[in-house]
Each structure stands twice: as C-alpha cells, then as structure tokens.
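Here is a short tour of a model, taken a few spots at a time. Keep the structure open while you read.

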Amino acid sequence: MTARRTQKVSAKEVTKRILNHEDLFILDVRNESDFSDWKIEGNSVEIINIPYFDLLDDMRPALDKIPADKEIVVVCAKEGSSIFVAEQLAEAGLNHVSYLEGGMKSWSEHLEPVKVSDLSGGGELYQFVRIGKGCLSYMVLSNGEAAIIDTSRMIDQYEQFMQENSVKLVHTIDTHLHADHISGGRALAQMYAASYHLPPKDAQEVTFAYEELAEGKDITVGQETIKVQPIYTPGHTIGSTSFIIDNTYILTGDILFIESIGRPDLAGIAEDWAGDLRDTLYGRYKELSEELIVLPAHFGKITELGEGGLVSGRLGTLFSENPGLNIEDESEFRRTVTESLPPQPHSYQEIRKANRGEITPNKEEQREMEMGPNRCAVHDK
Amino acid sequence: MNSDKIVDAKGMACPMPIVKTKKSMDELRSGQVLEVHATDKGAKNDLTAWAKSTGHELLSTAEENGVYKFWIKKA
C-alpha cells in the first residue's frame, strides 16, 4: 500500500523545480544542528525541520505543520529516515509525499549544466552549478574539444555531458588549490590523456606532474578558436589565477564572487594574503574592462542564481554593488577579511591534502569530507 | 564504563540505530545506563540530538576501529 503512495524524487528533479520557481514544500528530518548548518534553499522553497527521531511514535508534530493540499518532499542525510517518515505520512493520509533519492548526499553532488553563451569562434561556454554546495565549474567546448575549469569530484557527470556533445577533453584547469571540495581535474585529465593545469605557487607540494599556469601562456580549445588567458590574481591563495575567455568572460575562481569576495585564511595565513587580495580586487581587476562578465567558482546565496540558474555579473556593476569591492579604508578591509570570518569549510585541511595528492581517500571518504556548505566567501554565514 | 544494557546497531543505517536505542531505553528504569554501538557516522550527531531532545544524559562517547560507542543514562 504505502509503496505506491510515496515516490522518490531525484536531486536533478528538485533542482529543475527550484530553477523553474515551482512551489516546493520540504520536510527535512535531519537533526537540528545538521539542518541549521546546511539545507536545501530556493526562492520557491518552503522548508521545515523536524528530526525523524521526534516522529518515531507519532507523526502529529509533522502533520500539524504540513499543508494537506501541497506536494511535500521529505529529506534526510542519506534517504533511509526520509523513506521511513514519508511512508508514515502516506499512511496517515497525505496523498502527495515523496522523498529525496540519496538524501543530502546526492543533493550535494548534483551538477546542473547551464549554458552561459555561444562564443565568437563557434564554441560554447557552460556553467555547471553544483546547487547543493554552491560550487561552480565551467566547460569550454569548441570544434570537438573541451576544457573544464575548476572541475568538481563528480567526473562522471562531465563525462556524460561531453559524450552527449561529442567533444573530447583536452585540458582541465584549476584556478587555485581548492580547500572546500576535492578537485576532479587530475582524475578526469588522466582518463582522457588531457593536461591538468595548476598555478605553480599553489602546487609546490603536489605529488604529481602538472602543467604550470602562467600569464602570457594562453590555453587553446578547439583549433585556434577559444583563447583562455590566465591572469595572476593572488589573495584567496597565493597562486590564484583568473581567466579571460573570448575577451568577454572573466573566471575569477574564489577571488571575486557576485555578492562577496574570497577569504584569504584557508591556507592558514590570512594576514599575509590580505594585502594580495586587496591588490587583486582594487588594483588588477580595476585595470580590466568593466564590460567583462564575472563568472565565479562559487555562489554564496541562492538569490545569486539568475535566469536558468546562471550565476554571473558585469564587472563594472560588481565594482559599484559588491560590498567586498567597496571598502575604501585599507585597515577596515584587512579586518573584514581576517576577523569574524564564517566557520571554515568542513575538513578543509584534509581536502587540501587530497588535492595535493598527499592522501588518497576512497570515494566514501571523499563524500564525507565534502559534506556541508562551502563557505569560501568572507560574507558567508 | 558500566552499562545495564547494550544495543548493537553496527551495520545499520538511519533510522534503525535510534529506533533500536529508543526501544531498549523504554525497557530501562530511570538512572540506568544504555550502551549503544553503531557504525553509521550520522548516528553520532543524531544520538546526541536525540538524547538532548528526550532529556536522557549522554555520559560518554568513544570510537574504536570504526565503531562509535555511546553511554546514555535514562532520565
């Protein structure tokens, strides 16, 4: 009986509904601290938290708060407890109950490809929105070739996309040594015999061979069509590098976000890098065209997602509206980026080690290390 | 640490460790101590939160070879 009345819904489907602004009522049955740390967000999402262990004997606390006419999705960490609660709710007479397949674990891993634009040389640029974690990666496609920037760990989703678009990977590029997620750049490059590019200043301790990113050493995708131009922009890390693509887009990594700026403390030396960060944001970026479209490696709030889920902003507009670009006083800037920062991302030191090749966690350990929000911006809470 | 009863929830996924813990706790008297063994990482935060919400006292926790151990005193 109950099996017919509860359905599973995938992370992809939930993402679609959020991007289409469809009403979604979510009952999150994880414990309070996990819920307050990190949850599903969206402009059209209404979400409540009642831990499953408060519902073991009696569903009334949930029934009292759920609108009877709405479709609801029950969510937990992996899915076991949400199936249990969803079945009980269906038993209690609710008609439209489903549960999130794979729980927050699969929510954290879904990548939604969003087309940024066609490029002048006939290529295309895509942004991959990791909606559950706030990470953004990019794929440049041109003449049967592809390059991926800031590849996330779930490389099978890029593989599938490349197959569908009949392109072969030639480059993976990381803007910096990531501390909030495990890079899939090296693993994916190995599979396709592609080159993996890293900023040398971030890669001094890595245990593997890589291509050094350097200003003036452009990277080509497709037959001399799309130029990926590295610009050294330290601050979040000492090696952080931005990329200009097709003279129109600037990929800013974790240096500049749409509504915030990167934090300089994740490698343990905020004081030293605060000056670099200021020079990059208030100096190097100021010299670039205000018409460039900023494509960052993260978003902090779901409200930063624009049309179709795309996260982007005009550089000139960011200079007037982004609070991180409007701190005139240098000592106040220093305070903002070194004091009262949000908590550091989950397992960030272990993640840095994995990205340097010093440790090789298995798939389950990698998942566990990445659970939770990213918190790479100074204004994340 | 001494306990009056042991719950073996090793290898079980949520919600089973807490379902079993709750059932065993119902059989104890106030002041008695229940020992829980679980391997699911999520059980750690959940048992802590569950104890707090029910008023039982989480006396101690330990981790040995991937097994999480909890000692909970009944309210």
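## Model and confidence

Keep in mind that this is a predicted model. Chain B comes out with a mean pLDDT of 94, and 100% of its residues reach 70 or more. Within chain B, the element with the lowest mean pLDDT is helix α2 (residues 42-54), at 91. The highest mean belongs to strand β2 (residues 33-38) of chain B, at 97.

## Two domains in chain A

Chain A splits into domain 1, covering 2-107, and domain 2, covering 111-370. Their C-alpha centres sit 32 Å apart. Where the two domains of chain A touch, domain 1 puts in 11 residues and domain 2 puts in 10.

## Strand β15 of chain A

Take a look at strand β15 (residues 241-245) of chain A, which is mostly covered: five of its five residues are buried. In a regular strand, side chains alternate between the two faces of the sheet. For β15(A), both faces are covered. A:T241, A:F243 and A:I245 are buried on one side, with A:S242 and A:I244 buried on the other.

Which strands pair with β15(A)? One is strand β14 (residues 226-232) of chain A, which runs antiparallel to β15(A) and is joined to it by five bridges. Here A:P230 stands opposite A:F243. Another is strand β16 (residues 249-253) of chain A, also antiparallel, with three bridges to β15(A). In that pairing, A:I245 has A:Y249 as its bridge partner. β15(A) and β16(A) make a hairpin with three residues between them, and A:D246 in the turn has a positive phi of about 60°.

## Helix α13 of chain A

Helix α13 spans residues 363-370 of chain A, and A:Q366, A:M369 and A:E370 are buried in it. Why do the buried residues of α13(A) line one face of the helix? Seen down the axis, they fall within an arc of 90°, so they share that face. This goes with a general point: an α-helix has 3.6 residues a turn, so residues three or four places apart point the same way. As for what covers the buried residues of α13(A), the list includes β7 (124-130) and α12 (348-355) of chain A.

The two ends are worth a look too. At the start of α13(A), a side-chain oxygen of A:N362 comes to within 3.0 Å of the backbone nitrogen of A:E364. After the helix comes A:G372, with a positive phi near 100°.

A:S137 sits in strand β8 (residues 135-142) of chain A. Is A:S137 buried or exposed? With a relative accessible area of 2%, A:S137 is buried. Its side chain makes a polar contact with the side chain of A:Y158, at 2.7 Å. Setting aside residues up to four places away in sequence, A:S137 touches a set of residues, among them A:Y126, A:F128, A:I149 and A:T151.

A:A270 belongs to helix α9 (residues 270-284) of chain A. At 11% relative accessible area, A:A270 counts as buried because the cut-off is under 20%. Beyond neighbours within four places in sequence, A:A270 is in contact with A:P264, A:D265 and A:T338. The C-alpha atoms of A:A270 and A:A62 are separated by 45 Å, with the two residues 208 apart along the chain.

Technical notes
Residues are numbered from 1 along each chain as its sequence is written. Chains are lettered from A and ligands numbered from 1 in the order in which they are written. This is a predicted model: local features need pLDDT of at least 70, side-chain atom pairs count only at pLDDT 80 or more; totals for chains, interfaces and linings use all residues. Side-chain values use heavy atoms; hydrogens and water are left out. Buried means under 20% relative accessible area, exposed over 50%, partly exposed in between (1.4 Å probe, protein chains only). Helices (H or I, at least four residues) and strands (E, at least two) are DSSP runs, numbered from the N terminus. The arc is that of the directions from the helix axis to the C-beta atoms. Contact means heavy atoms within 4.5 Å. A polar contact is a pair of N or O atoms within 3.5 Å; within protein, one must be able to donate a hydrogen and the other to accept it, and residues adjacent in sequence count only if both atoms are side-chain atoms. pLDDT is the predictor's confidence in each residue, from 0 to 100. Two strands pair if DSSP finds at least two bridges between them. Domain bounds come from an automatic or database domain assignment.
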